[in-house]
Amino acid sequence: AANTCQTDFNSLLANETIHFESAQAVIANVSYALLNQLASTAALCPAASVSIEGRTDSQGDDVYNQDLSERRAQAVVDYLVNQGIDPTRLSATGYGENLPVGDNDTPEGRAMNRRIEFAVQGL
């Protein structure tokens, strides 16, 4: 079940990104539909724990980026809890600008690095 849940999260996040207000941990309204789908997916695998992982691009201070990634991951956890997901199944982790998937020297690459990922583990 955890593998299916992970696949479903990956599929949802493959073409869409959770957006936040610039330099803030405030979820942008445009992301609510995606978050609702993610919450529905989480509800379908109640025996799995989910780590919400926040990441940033390399613009700005390392310490600030680390803090921002943690606050954004926590904002997603809070949203999912408000949608009825058991908070004991969720954790928030920030990785700052570590583990980029895009080139931080280009606007497109930086946009790819500003992301939230879901990592599922069976209980």
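These points cover confidence, the sheet and the helix packing of a predicted model.

1. Confidence. The chain has an average pLDDT of 95, and 98% of the residues reach at least 70. Strand β2 (residues 90-94) has the highest mean in the chain, at 98. Strand β3 (residues 115-122) has the lowest, at 92.

2. Sheet order. The sheet is open and holds 3 strands. Their order is β2-β1-β3, and the pairing is mixed. β2 and β3 are the edge strands, each with a single partner, so one side of each lacks a neighbour in the sheet. From one strand to the next, the twist averages 20°.

3. The β1/β2 pair. Strand β1 (residues 48-55) runs parallel to β2, and 5 bridges join the two.

4. Helix α1 (residues 2-15) lies across β1 and β3. Its direction is at about 170° to β3. Helix α3 (residues 62-82) also packs on the sheet and touches β1, β2 and β3. The direction of α3 makes about 160° with that of β2.

5. The α2/α3 geometry. Helix α2 (residues 32-43) packs against α3 at an angle of about 65°, and the axes are 10 Å apart. Angles of 65 to 115 degrees count as roughly perpendicular, and α2 and α3 are therefore roughly perpendicular to each other. Their crossing is right-handed.

6. The α2/α3 contact. From α2 come Y32, L35, N36, L38 and A39. From α3 come V76, Y79 and L80. By class, the contact residues are 7 nonpolar and 1 polar, with no charged residue.

Terms used:
Residues numbered from 1 in each chain as written. Predicted model: local features only at pLDDT ≥ 70, side-chain atom pairs only at ≥ 80, totals over all residues. Heavy atoms only, no water. pLDDT = per-residue confidence, 0-100. Helix = DSSP H or I, 4+ residues; strand = E, 2+ residues; numbered from the N terminus. Pairing = 2+ DSSP bridges. Axes fitted to C-alpha atoms, helices over the stretch in contact; angles between N-to-C directions. Contact = heavy atoms within 4.5 Å. Parallel < 35°, antiparallel > 145°, perpendicular 65-115°, else oblique. Left-handed = near helix turned anticlockwise from the far one by under 90°. Nonpolar A, V, L, I, M, F, W, Y, C, P; charged D, E, K, R; others polar.
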